[in-house]
Amino acid sequence: MIMDAGQRFDPELPDETRSTSNTGISSVNQHPPCFLNLLLAVQQVFVQCSLLVLVLGVLQQHLLLQDGERERLLSSMLFYSALSTLIQSCLGTCLPLVQAPSLEILIPAVVLTAQIVTEPACRGHCGESEEDILPRANPVRELQGMTVIVGMVQLVLGVTGLSGVVLRHCGPLVIAPLLCLLGFSIYREAALLCSDHWAIAALTVILLVLLSQHLRSYMLPACLSMPQLPVCRMLSLLLPLLSVWALCEVLESFGVLRLRSVSELLPALKTSNTTLPKPLPSDPFNVPWLSPPLAAETGLPLLSVRGMAAGVVAALSSSVSSVGMYLLTARLLGVPPPPAAACNRGLGSQGLGSVVAGLMGAPLGLSSSVPNTCTLGLSQV
């Protein structure tokens with residue numbers, strides 16, 4: 001449901017927005033079973049985890065990661081994404097928007113970490129020497145500073161109501177070119193990940209298309225005493241993922257298949273700066289089971305002119321994309337578009353989550369996840 005300033009929309013929606021096109025399932029008023037809700041949540045988490053692994057795989061080419069630090073960063077990014085999602089769901093637009101590091105924030109971060117700086121252009125806290133605040137020696141802390149700037153800019157845009165002004169001028173001609181440019185910017189990474197085994201990648205796509213398009217109207221048999229819902233389409237991401245995982249496990253156990261991890265594939269990309277250090281190998285089995293994300297592990301954020309500039313650029317682009325995700329989510333679910341007040345609250349909550357994440361050690365800011373929003377078009381719940 002969408003909340004306006006101090007009030008909720010009437011749950012009795014117009015007839016044209018009550019149910020989706022030719023599927024017969026309600027968008028907002030439908031109450032799926034608890035078990036199906038759990039599967040839908042797991043599906044969204046898998047989509048979010050795949051995005052986080054890709055983002056960290058691209059970013060770690062320019063970071064000096066020690067043993068186990070890659071796994072720690074990945075777990076902390078998932079934790080702060082969940083925290084920001086809770087803030088967005090309770091205080092923001094109240095739309096089912098999952099918060100995660102987006103490509104709009106990743107691209108400025110990659111540009112920031114790809115540059116080698118030999119002068120201490122960052123400002124640290126009292127007692128730190130010039131070697132301690134050298135950006136190249138602390139790339140993660142400089143990214144934390146960029147994350148704080150991203151959150152502060154988003155928070156200002158939300159509190160001052162400027163996102164409502166953007167909403168009035170935000171249409172398909174604004175969102176479509178931005179998303180196309182972001183998609184084209186990572187075509188090399190996508191092709192490289194698929195090239196490890198094209199047959200497995202093709203099988204995943206075929207299963208996804210088969211369930212979401214050709215079996216989209218298939219209902220479970222009535223003898224199962226289950227609600228008549230198009231489960232194949234609603235779980236068209238989770239079922240292919242689990243099926244391909246099981247197949248890969250069987251093939252690997254027989255020695256027929258050997259797949260490489262994302263960290264092994266993405267560093268193979270050629271970068272323009274050949275002096276960048278190679279990422280250090282890490283052993284995931286040495287990572288502790290319980291590791292609360294604390295700021296003391298990485299230190300306070302480092303603020304630099306380059307980081308602040310990258311943060312402002314990332315905040316503006318992610319804010320435009322997030323406002324577009326608000327409108328897209330409402331349209332996918334068949335509810336009225338969120339008003340300007342709801343968009344302002346959503347952007348302010350998003351900025352608050354980014355500030356908290358940056359202060360606690362997250363390397364990237366948070367925004368509304370485009371892949372998770374598109375997943376709602378399949379479940380429509």
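User: Is L86 buried or exposed?
Analyst: Exposed. This is a predicted model, and in it L86 has 54% relative accessibility. The cut-off for exposed is over 50%, so L86 counts as exposed.

User: Which helix is L86 in?
Analyst: L86 sits in helix α3.

User: How far apart are L86 and G353 in space, and in sequence?
Analyst: In space, 9.4 Å from C-alpha to C-alpha. In sequence, L86 and G353 are 267 residues apart.

User: Now the salt bridges. How many does the structure hold?
Analyst: One.

User: Which side chains meet in it?
Analyst: Those of R306 and E142. The N to O distance is 2.7 Å.

User: Where in the chain are the two partners?
Analyst: In distant parts of it. R306 belongs to helix α13, residues 305-333. E142 belongs to helix α5, residues 139-159.

User: What about E142, buried or exposed?
Analyst: Buried. Its relative accessible area is 4%, and buried means under 20%.

User: And how does R306 count?
Analyst: R306 counts as partly exposed, because its relative accessibility is 21%.

User: Let's switch to pockets. How much space lies in the second largest pocket?
Analyst: About 380 Å³.

User: How many residues line it, and which lie nearest the centre?
Analyst: The lining has 17 residues. Nearest the centre of the second largest pocket are L40, A41, Q44, P96 and V381.

User: Which elements give two or more residues to that lining?
Analyst: These are α2 (34-59), α3 (69-91) and α15 (370-379).

User: Which element has the largest share of the lining?
Analyst: Helix α2, with eight residues.

User: How do the lining residues divide into nonpolar, polar and charged?
Analyst: Nine are nonpolar and eight are polar.

User: Where does F35 lie?
Analyst: F35 lies in helix α2. That helix also gives eight residues to the lining of the second largest pocket.

User: And why does F35 count as exposed?
Analyst: F35 has 57% relative accessibility. Exposed means over 50%, so F35 qualifies.

How values were computed. Residues are numbered from 1 along each chain as its sequence is written. This is a predicted model: local features need pLDDT of at least 70, side-chain atom pairs count only at pLDDT 80 or more; totals for chains, interfaces and linings use all residues. Side-chain values use heavy atoms; hydrogens and water are left out. On a 1 Å grid over the protein atoms alone, a cavity is a set of points where a 1.4 Å probe fits but cannot get out, and a pocket is an open set with protein on both sides within 12 Å along at least five of seven lines; lining residues have an atom within 4 Å of a point. Grid points are joined across faces, edges and corners, and a volume is the space filled by probe spheres set on the points. Helices (H or I, at least four residues) and strands (E, at least two) are DSSP runs, numbered from the N terminus. Ala, Val, Leu, Ile, Met, Phe, Trp, Tyr, Cys and Pro count as nonpolar, Asp, Glu, Lys and Arg as charged, and the others, Gly among them, as polar. Buried means under 20% relative accessible area, exposed over 50%, partly exposed in between (1.4 Å probe, protein chains only). A salt bridge is a side-chain nitrogen of Lys or Arg within 4 Å of a carboxyl oxygen of Asp or Glu.
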